[in-house]
Amino acid sequence: MTEPAQTEGPTEGQTEAQKEAQTDTPPEAVIRARDVAMRFGRRTVFKDVTFDVRRGEIFVILGGSGCGKSTLLKLLIGLMPPINGEIAVLDEEWAKLEGEARRGLLRRIGVMWQSGALLGSLTLAENVELPIEAHSKLPQAARALVASAKLGLVGLGDALDRLPAEISGGMLKRAGIARAMALDPEILFLDEPSAGLDPITSAGLDQLILSLARETGTTFVVVTHELQSILAIGDRCIMLDKDAQGMIAEGDPKKLRDESEHPTVRAFFRREAM
Amino acid sequence: MPTDTFSAETRGGRLHLRFAGPLDRAAAAARWDEAHRAAKGAPDVTLDAGEVTSLDAGGAALLVSLAGHEAAWVEPQDPAAKGTLERFRKGLSAARPAMPHHYRFRPVSALGAYTLDRYRKFLERAGFMGDTILTALGILPRPWRLRWAELLRHLDEAGTQAFPLCMLLGTLIGLILAFQSSVPMRQFGAEIFIPQLVGISLTRELGPLLAGVILAGRTGSAYAAELGTMRVNEEVDALKTMGLDPMAWLVVPRILASTLVMPALSMVMNVTGLIGMAIVMATLGFPPIAVLNQLEQWLSIGDLAGGLAKSAAFGLAIGYVGCRSGLSAGRGPRAVGDAATGAVVGGIVALVLLDGLFAILFFRLGW
């Protein structure tokens with residue numbers, strides 16, 4: 001059973017979407033998932049997953065290891081089709097898109113991978129230029145300017161000509177975000193942005209995500225199991241569970257932490273063994 | 001068609017560049033050359049973006065690239081477009097352009113650096129060889145320290161799994177050698193000596209050499225890739241911190257396996273090559289018994305033993321080069337590929353060098 005958590009009164013540090021969500025008309029849904037199910041062989045990863053992601057919010061997909069968070073992310077970005085159900089991203093269904101239409105939707109989203117997934121033989125600036133080169137006819141001078149601006153925004157303005165092997169894990173993640181933002185996407189998907197980072201770097205990355213969400217109005221879908229990050233950045237979340245093979249909670253992470261009666265949700269937010 | 005509008009006018013000695021409408025990546029790409037041509041050489045520029053209705057990073061890049069340092073701006077009225085432009089400027093102000101690398105050719109320094117680099121690599125290789133020899137000698141009196149299961153796995157992978165390829169190549173080489181030599185031999189009526197020619201070529205030279213090339217391509221590269229990946233994943237460091245010697249665990253079983261399988265691969269190559277030759281001889285009208293008689297008469301056990309001894313040395317060198325390439329791999333993502341390439345190239349070079357040394361040795365020994 002999915003446990004909803006209602007959002008109440010505005011609090012400090014909210015994104016625009018969160019504030020708007022508390023007005024009469026909530027922002028439009030940019031992602032709609034209905035009864036989504038995924039299975040590998042005979043093993044069901046999850047089923048009956050239904051949720052909306054609203055424009056401008058930071059939406060967190062959370063859960064323990066092996067619950068299918070990253071699999072759900074791959075379904076949302078169209079890397080693989082679900083076994084059952086429907087996923088609409090910006091009113092388009094991946095399954096119905098081919099060729100130029102698919103490329104068109106790819107231009108409107110950005111993905112940051114857990115490891116950064118930067119190409120090792122290219123500098124950070126060249127990595128950021130890559131999607132611009134693939135999806136526009138901008139000349140090299142313009143691409144270089146955009147790459148500089150994007151890397152400057154994530155705090156890597158002095159590392160434009162560094163190779164991925166020459167920078168730290170936190171910098172790799174920042175560079176991954178800069179590359180994901182290269183085409184000014186409407187939705188940014190982040191896979192485990194804080195995983196493997198020290199608390200200070202992790203908090204810095206959370207601040208970066210919050211400031212980008214506030215300043216650009218971009219919708220963020222963040223896959224993570226880092227409790228601090230979830231509470232720091234999440235406007236709304238869904239929680240997946242391996243044993244339940246699906247969603248067990250949906251709503252404001254802070255409300256879920258404080259009010260949820262579900263034993264797994266309580267254990268997760270209170271860091272308790274089950 | 002771009003839905004934006006762009007105009008360039010000179011008023012009172014000042015160039016006015018005016019943009020209006022949506023200025024996105026596509027519009028910026030379409031206007032880039034035109035706008036830059038108009039702005040070229042103009043001392044004073046006014047950039048009027050007041051009527052830009054939407055802007056993305058591509059459009060912001062066009063505006064900023066035209067502005068230079070002294071431009072006067074009319075900022076976009078649209079709040080979102082203004083925000084995009086401000087963010088773009090903010091990001092750009094935080095970015096320090098990459099410093100160009102001023103390369104100066106200094107031949108003496110370059111030669112010195114190259115020599116030192118070669119010397120360091122030589123020391124590393126000598127150290128690795130010393131480690132390998134000491135570890136192998138240490139295992140000899142205590143064979144239980146060798147990981148026998150690992151050795152058997154490598155014998156299977158490097159040996160039995162390579163047999164089909166060796167059989168195919170051996171048969172084809174035998175066929176080709178016999179066919180090619182039959183043409184000139186026929187002119188002298190000497191086709192009966194083809195078994196002697198092919199037999200000696202195969203057992204003394206081609207069998208071991210081709211088996212060595214197969215081993216370097218299949219197994220040497222696999223050793224380098226496997227060990228290189230283990231190094232990149234810090235598995236080698238993990239072994240060391242557990243008090244386990246990577247040389248004994250990883251290197252010795254592999255080198256031993258490649259040394260042991262090479263004579264077997266050469267033998268497969270020899271036998272299938274002779275079968276290929278016998279097929280050609282049959283088409284030329286010589287029955288198998290005549291071929292066998294020729295081989296028995298001209299081929300000595302010394303030819304075969306020399307070839308097989310050489311094969312074992314080739315196997316040792318190829319296994320050694322593969323393991324060294326893998327364990328000296330760098331940490332970056334290209335490291336594994338570089339290690340595999342180094343293993344194949346190094347293995348084949350070592351093969352040919354050793355073959356030359358054996359040729360001199362056998363000549364001196366009258367073998």
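This is a predicted model: local features need pLDDT of at least 70, side-chain atom pairs count only at pLDDT 80 or more; totals for chains, interfaces and linings use all residues.
Local features need pLDDT of at least 70, side-chain atom pairs count only at pLDDT 80 or more, and totals for chains, interfaces and linings use all residues. Residues are numbered from 1 along each chain as its sequence is written, and chains are lettered from A in the order in which they are written.

Me: How many helices and strands does chain A have?
Reply: Elements are DSSP runs numbered from the N terminus, helices being H or I with at least four residues and strands E with at least two. On that basis chain A has 10 helices and 11 strands.

Me: What percentage of the residues in chain A is buried?
Reply: A residue is buried if 20 or more other C-beta atoms, placed from the backbone, lie within 10 Å of its own, exposed if 12 or fewer, and partly exposed in between. Of the 274 residues in chain A, the buried share is 47%.

Me: At what angle do α5(A) and α2(B) pack?
Reply: Axes are lines fitted to C-alpha atoms, for helices over the stretch in contact, and angles run from 0 to 180 degrees between N-to-C directions. The axes of α5(A) and α2(B) are 9 Å apart. The two helices are roughly perpendicular, a class that covers 65 to 115 degrees. The angle is about 105 degrees.

Me: How many nonpolar, polar and charged residues are in the contact of α5(A) with α2(B)?
Reply: Contact requires C-beta atoms, placed from the backbone, within 7 Å. Among the residues that meet are Leu145(A) and Val146(A) in α5(A), and Leu62(B) and Ser65(B) in α2(B). Ala, Val, Leu, Ile, Met, Phe, Trp, Tyr, Cys and Pro count as nonpolar, Asp, Glu, Lys and Arg as charged, and the others, Gly among them, as polar. The contact has 9 nonpolar, 2 polar and no charged residues.

Me: Which element gives the largest share of the side of chain B that touches chain A?
Reply: In total, 28 residues of chain B are in contact with 24 residues of chain A. The elements of chain B giving two or more residues are α1, α2 and α3. The largest share, 8 residues, comes from α3(B).

Conventions: Two residues are in contact if their C-beta atoms, placed from the backbone, lie within 7 Å. Angles under 35 degrees count as roughly parallel, over 145 as roughly antiparallel, 65 to 115 as roughly perpendicular and the rest as oblique.
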